[in-house]
Amino acid sequence: MITVAGFNTAIDHLMRVDELHLGEVNRAVQEQVLPGGKGLHVAQTVAALGEPVQLIGLVDAAHRNLIARRMSERGVLFHGVEIDAPLRHCIALQDAGGQITEVLGQGPRLGERDGAALHRAFRLALADSELVVLSGSLPLGLAVDTYAELAQQVSAAGKRCLVDASGEVLRKAVAAQPFLLKPNRDEAEALFGRSLGDLDAAVAALRELHARGVAMPVLSLGAQGALGMDDSGAWHAAVELDQVRNTVGSGDCFLAGMAVAVRRGEPLREALRLAVACGAANAMDVETGYVRPDQVEALLGRVRVREWKH
């Protein structure tokens with residue numbers, strides 16, 4: 001069982017407009033409203049790849065049935081921690097050219113009771129877990145060292161922990177030495193305080209993370225693919241796409257692919273192949289943070305993986 005702690009559940013609104021005009025009234029030509037949040041995207045993609053998965057996240061009364069039904073349809077066991085305040089809402093506006101503008105809601109500030117309920121749900125789920133993913137922003141009210149604390153709990157239980165975070169939450173998580181850490185380029189540049197504009201600079205950053213005790217640091221690079229490092233060396237994986245429809249959530253699908261490959265015992269080069277194929281499959285579709293297994297399978301053979309020896 002893969003457990004995903006995606007505490008900061010959201011309601012995602014994807015709206016398409018012919019042309020986006022700032023400061024004016026814009027009318028959507030198409031709209032989707034779906035449960036979202038990075039952890040939810042990871043969990044439903046893990047399920048799509050055929051692995052058992054459970055998700056821990058917030059839920060409110062207004063959206064309890066929507067989220068539970070969607071997760072059940074997707075094959076995800078959802079442990080919802082209900083709060084009185086409404087969930088956050090996130091808006092993605094896509095113009096006819098494919099450019100996406102996102103507005104991410106912060107969501108409610110949790111009190112001690114709600115925070116304790118999330119931690120309790122996590123501890124119960126950990127007992128049934130082979131692998132744990134900590135993904136996305138933390139709800140307001142949780143300490144910035146929450147992921148670091150949870151990663152230490154996972155390690156103490158003799159299990160592997162994968163972390164996708166940003167800012168101070170990411171910085172604290174590094175010190176906990178999770179098995180895998182997956183920042184994107186912007187997040188890694190903020191962490192190291194320098195530009196990682198080329199692949200050599202990015203690999204140098206991975207070497208630093210590896211030296212600090214992260215067994216498998218991975219850096220997602222958008223259209224440039226991804227880099228990963230472990231004791232076998234550094235590897236780069238990328239794929240060229242003929243059409244890109246929606247890149248929002250591709251990093252989450254990438255992380256899901258890494259989690260599935262790690263659980264299956266795949267070497268890093270093959271884990272990167274699956275992860276990049278998952279990220280690309282999301283970018284080719286209109287739905288955010290989900291993949292179709294047939295698309296992933298079709299892309300696997302197109303992903304180029306090479307050892308980085310520069």
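Student: Which strands does helix 2 lie across, and at what angle does it run to strand 3?
Tutor: Bearing in mind that this is a predicted model, helix 2, which spans residues 64–74, lies across strand 2 and strand 3, and its direction is at about 85 degrees to that of strand 3.

Student: Is strand 2 mostly covered or mostly open, then?
Tutor: Strand 2 is mostly covered, with 6 of its 7 residues counted as buried, that is, under 20% relative accessible area.

Student: What about the sheet, what order do the strands come in?
Tutor: The sheet is an open one of 4 strands in the order 3-2-6-7, and the pairing within it is mixed. Its edge strands, each pairing on one side only, are strand 3 (30–36) and strand 7 (100–104), and from one strand to the next the twist averages 15 degrees.

Student: Mixed how? Which way does strand 2 run relative to strand 3, parallel or antiparallel?
Tutor: Strand 2 pairs with strand 3 in the antiparallel sense, over 7 bridges, whereas strand 2 (residues 10–16) and strand 6 (residues 88–94) run parallel and are joined by 7 bridges.

Student: Down to residues now: what is opposite His13 in strand 6?
Tutor: In strand 6, Ile91 stands opposite His13, while in strand 3 the bridge partner of His13 is Val33.

Student: And which residue of strand 6 does Ile11 face across the pairing?
Tutor: Ile11 stands opposite His89 of strand 6.

Methods: Residues are numbered from 1 along each chain as its sequence is written. This is a predicted model: local features need pLDDT of at least 70, side-chain atom pairs count only at pLDDT 80 or more; totals for chains, interfaces and linings use all residues. Side-chain values use heavy atoms; hydrogens and water are left out. Two strands pair if DSSP finds at least two bridges between them. Helices (H or I, at least four residues) and strands (E, at least two) are DSSP runs, numbered from the N terminus. Axes are lines fitted to C-alpha atoms, for helices over the stretch in contact, and angles run from 0 to 180 degrees between N-to-C directions. Contact means heavy atoms within 4.5 Å. Buried means under 20% relative accessible area, exposed over 50%, partly exposed in between (1.4 Å probe, protein chains only).
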